[in-house]
Amino acid sequence: MSTLAVGTIKSISSAAPVFQNTSGTEKGRLVEAYADFDGSGTVSLTNSYNISSLTDNGVGDYTFSFTNALSSANYCAFGSAETITNHRLTGGSYSTKSTTTCRMKYGLSGGTNAVGFDVDFNTPCFIVIGAQ
């Protein structure tokens, strides 16, 4: 087994690098975008990659704008959040997505509230993988 230790990995084209095994089978991709943000009160990005702005559309409803447009809208978008109260699971799902933005709605699943109950969370996250 070899170890590759470099400061930069660069694709030979404008596409992102793809990880393959010795047979040429794709084994993984890089994250296209992510955000850790404060979703309650004044909404703000805490840490992000390829996110130029975050828009608060209402309770538990956010739009992420990408710094660099994705190559297609065929990507997986996922959101998660830490609960503020004693709810078992929180998450987000996209309502609309394009190569330049993704709108996510966050809510509760289980606990005392109905599934899909919109909530502002203080530590939600967002991730995009797989645009091609």
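1. Phe 37 and Tyr 62 are both buried. In this predicted model, the two residues form an aromatic pair of the edge-to-face kind, with 5.0 Å from centre to centre and 75° between the planes. The pair joins distant parts of the chain: Phe 37 belongs to strand E3 and Tyr 62 to strand E6, and 25 residues separate them.

2. Tyr 62 also takes part in a pair with Tyr 106. This second pair is likewise described as edge-to-face, at 5.7 Å centre to centre and 70° between the planes. Tyr 62 lies in strand E6 and Tyr 106 in strand E9, so the pair ties together parts that are 44 residues apart in sequence. Tyr 62 has a relative accessible area of 0%, and Tyr 106 has one of 1%; each counts as buried because its value is under 20%.

3. The pairs should be read in their wider setting. The count of aromatic pairs comes to seven. One aromatic cluster is formed by Phe 37, Tyr 62, Phe 64, Tyr 106 and Phe 126.

4. Which residues touch the most other members of the largest nonpolar core? They are Phe 37, Phe 64, Phe 66, Tyr 75, Tyr 106, Phe 126 and Val 128, within a core of 21 residues. Strands E3 (31-38), E5 (51-58), E6 (61-66), E7 (76-81), E9 (101-109) and E11 (124-129) each supply at least two residues of this core. The greatest contribution is that of E9, with four residues.

5. Phe 66 deserves a separate remark. When its neighbours within four places in sequence are set aside, Phe 66 is in contact with residues from several stretches of the chain, including Ala 33, Ile 51, Tyr 75, Cys 102, Phe 126 and Val 128. Asn 50 and Ser 52 are also among its contacts, as are Ser 98, Thr 99, Thr 100 and Thr 101.

6. The charged end of Lys 97 sits over the ring of Tyr 75, 4.8 Å from the ring centre. The charged end of Lys 97 sits over the ring of Tyr 94 as well, at 4.4 Å from that centre.

7. How many disulfides are there? The count is zero. Cys 76 is in no disulfide, and the nearest cysteine sulfur, that of Cys 102, is 9.7 Å away. This distance is too far for a bond, because a disulfide requires the two sulfur atoms to be within 2.5 Å. Are these cysteines buried or exposed? Cys 76 is partly exposed, at 48% relative accessibility, whereas Cys 102 is buried, at 0%.

8. The overall architecture may now be stated. The protein contains 11 strands and zero helices, and its pattern along the sequence is β-β-β-β-β-β-β-β-β-β-β. Among contacts with a separation of 6 or more, 52% are between residues 24 or more positions apart. The pairs described above give examples of such links: Phe 37 and Tyr 62 are 25 residues apart, and Tyr 62 and Tyr 106 are 44 residues apart.

9. A final point concerns the surface. Of the 132 residues in the protein, 29% are buried. The accessible surface comes to about 8,100 Å², and carbon and sulfur atoms account for 51% of this area.

Notes
Residues are numbered from 1 along each chain as its sequence is written. This is a predicted model: local features need pLDDT of at least 70, side-chain atom pairs count only at pLDDT 80 or more; totals for chains, interfaces and linings use all residues. Side-chain values use heavy atoms; hydrogens and water are left out. Buried means under 20% relative accessible area, exposed over 50%, partly exposed in between (1.4 Å probe, protein chains only). Contact means heavy atoms within 4.5 Å. Accessible areas come from the Shrake-Rupley method with a 1.4 Å probe; for residues, only the protein chains shown count as cover. A nonpolar core is a set of buried Ala, Val, Leu, Ile, Met, Phe, Trp, Tyr and Cys residues joined through side-chain atoms within 4.5 Å. Rings of Phe, Tyr and Trp (its six-membered ring) pair if their centres lie within 6.5 Å; planes under 30 degrees apart count as stacked, over 60 as edge-to-face and the rest as tilted. A charge sits over a ring if NZ of Lys or CZ of Arg is within 6 Å of the ring centre and within 35 degrees of the ring normal.
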